[in-house]
Amino acid sequence: MIRTEELLLNVGPQHPSTHGVFRIVLKLDGEVIKEATPVMGYLHRGTEKLAEQLNYTQIIPYTDRMDYVSAMTNNYVLVHAVEKMMSIEVPERAEFMRLIVMELQRVASHLVWWGTYLLDIGAMSPFLYAFRDREVIIDLFNELCGARLTYNYMRVGGVKWDAPSGWIDKVRDFVPYMRKRLKEYDKLVSGNEIFLARIKGVGKYDAQTAIAYGLSGANLRCTGVNWDLRKQEPYSLYERFDFDVPLSFNGDCYDRYLLRIEEIVQSLRILEQAVEQFPSGGETMGKVPRVIRPPAGEVYARIESPRGEIGCYIVSKGKAEPYRLKFRRPSFVNLQILPELLVGQSMTNLITILGGVDIVVGEVDC
Amino acid sequence: MSDKPEETPITHATESSEHAEQVEQDNDYVTERTEQVEDTPQARLDRLVEQLKHDIAEGAVEEAVINEVNGHLPTITVKKGHWLAAAHWLQVNKDWSCDYLRNLAGVDLGDELEVVYHLISLQTRREIAVHVKTEREQPSIPSVTPLWPTANWNEREVYDLLGIDFPGHPDLRRIMMPDDWVGHPLRKDYDPSDSEV
């Protein structure tokens, strides 16, 4: 008689496919996962505690370091929350700049995801292509604010830097460039049979489960739930632009893959319109008191980051520093469904499913 | 290498999509009701408090305000002992049907601790913030993980950083700090130069 034993396998914290220092302990029966226990906290820097001793402008650089693949949206959620509390009007030009950098960031973030996801699954070259094109966006950001990843670009009431001359034209040129590339990528990968066999029907869940687990972003929309905060609870200038929210209904890794590709297409649409409507003049900073002291009270601001609903809950006691600041991080919330998805799957699907969730560990641990 | 499959499962949510129609119908329903009863945020909040008093307990709601800076968000403070019943009520009540727990945050108020829940219904888009307070010595609030599984790690985070116990939680242990950490860093009286550090 064959004797079988359960095997405990430790994946991470240092493992390329965990995209950071994330660890997961697996109980295996042969190659089948019986139980999965995520272990987090390796990247916990106590952002929320640190923020309690800083004024609001000083907190902005810390938001860059949460989801370092999408720092612009993190900047926005914090300044948006403070502006809400203080009823600050943001000049149109500044709001246009914010929207343009946020959509560029969404494209860049999805490109990182696309490249690394395929790398996880075993395709090397898409990673190189994705990073080549992301570099174009990073260069644009570098020209704008002198940083490649941690931009510290937005301020309460506006943005720190106006667009240098010719910058908007470069964004305009980027749109057709990226569209052409995207078609190539689609041809290169999306129909590949090996790729389809690896991700179709893998990591499947339904809308009810997704809502119960509080998923957001492509992880929620892949089950057919039409929930994109840019449409449902419009902020910034999104109401002015014509774009669609891509939806799919199978809830598997393949659908999440297609959605993220389609979201790049939609972001390019927004960018195209934003560049056309970009105001020729105007301020980049609104009227903001010298010391930012939101009145006593609380606010929960949320926006659609590339990974889903990122929220910022601020409790103010009328001081220059927040009394309590809490970030609702989409990666942290989305990751919770992982143990449920993994049970009963084979070992090889671990990477496929984890990658499909699209996490950034800096945001999981915060 | 074959081309992209002909039938792509992606659709676009447009005005004519099923979900959009559903929302529109709901909106019609709401406007219809405005003719009969007042439908301002304040009136809705008053009705909610009445219903909770009637269905849960007379003293269930301690405080009810409209948070104007937060888009007129109804904000209620529920007594700890009635929270689980009220949470279930908010989840199953037809008017509210809060199926989505979007945020869960713990706050150290000084004399007491509190947990703030931001709930929304993805169908009716009704939103509410609920505060639940607990005493500083041996703080505990019933876990809502059985109602909203998304509360699981959020409650673990609050337990870890603020030391609030959540009876009914399936797996309450530290999540961010090491298991042998002493103290709860987000407490206001936490000493960062702890001898254990």
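1. The side chain of A:Gln336 reaches the backbone oxygen of B:Thr150 at 2.8 Å, in a model that is predicted. A:Gln336 sits in the loop between helix H12 (330-335) and helix H13 (338-342) of chain A, where helices (H or I, at least four residues) and strands (E, at least two) are DSSP runs numbered from the N terminus. At 5% relative accessibility A:Gln336 counts as buried, the classes being buried under 20% relative accessible area, exposed over 50% and partly exposed in between, with a 1.4 Å probe and protein chains only. Beyond four places in sequence, A:Gln336 is in contact (heavy atoms within 4.5 Å) with A:Tyr213 and, in chain B, with B:Pro149, B:Thr150, B:Asn152, B:Trp153 and B:Asn154.

2. As to conventions, residues are numbered from 1 along each chain as its sequence is written, and chains are lettered from A in the order in which they are written. Local features need pLDDT of at least 70 and side-chain atom pairs count only at pLDDT 80 or more, while totals for chains, interfaces and linings use all residues; side-chain values use heavy atoms, with hydrogens and water left out.

3. How much area do chain A and chain B bury between them? The value is about 4900 Å², of which 55% is on carbon and sulfur atoms, buried area being the accessible area (1.4 Å probe) that two parts lose on being put together, summed over both. A:Glu298, A:Tyr323 and A:Gln336 supply 12% of the area that chain A buries against chain B, more than any other three residues. In terms of contacts, 61 residues of chain A meet 53 residues of chain B.

4. Across this interface the rule finds six salt bridges, each defined by a side-chain nitrogen of Lys or Arg within 4 Å of a carboxyl oxygen of Asp or Glu.

5. Beyond four places in sequence, the contacts of A:Trp167 include A:Met97, A:Ile100, A:Val101 and A:Leu104.

6. Within helix H4 of chain A, A:Arg106 and A:Glu103 lie three residues apart, about one turn of the helix, and form a salt bridge whose closest N and O atoms are 3.2 Å apart. Both partners are buried, A:Arg106 with a relative accessible area of 1% and A:Glu103 with 0%. By contrast, B:Glu135 and B:Lys80, which meet in a salt bridge at 3.3 Å, are partly exposed, at 39% and 22% respectively.

7. The pLDDT is below 50 over residues 1-6 of chain B and stays under 50 over residues 15-35. Where pLDDT is low, the predicted coordinates should not be read in detail.

Technical notes. pLDDT = per-residue confidence, 0-100. Polar contact = N/O pair within 3.5 Å; in protein donor to acceptor, adjacent residues only side chain to side chain.
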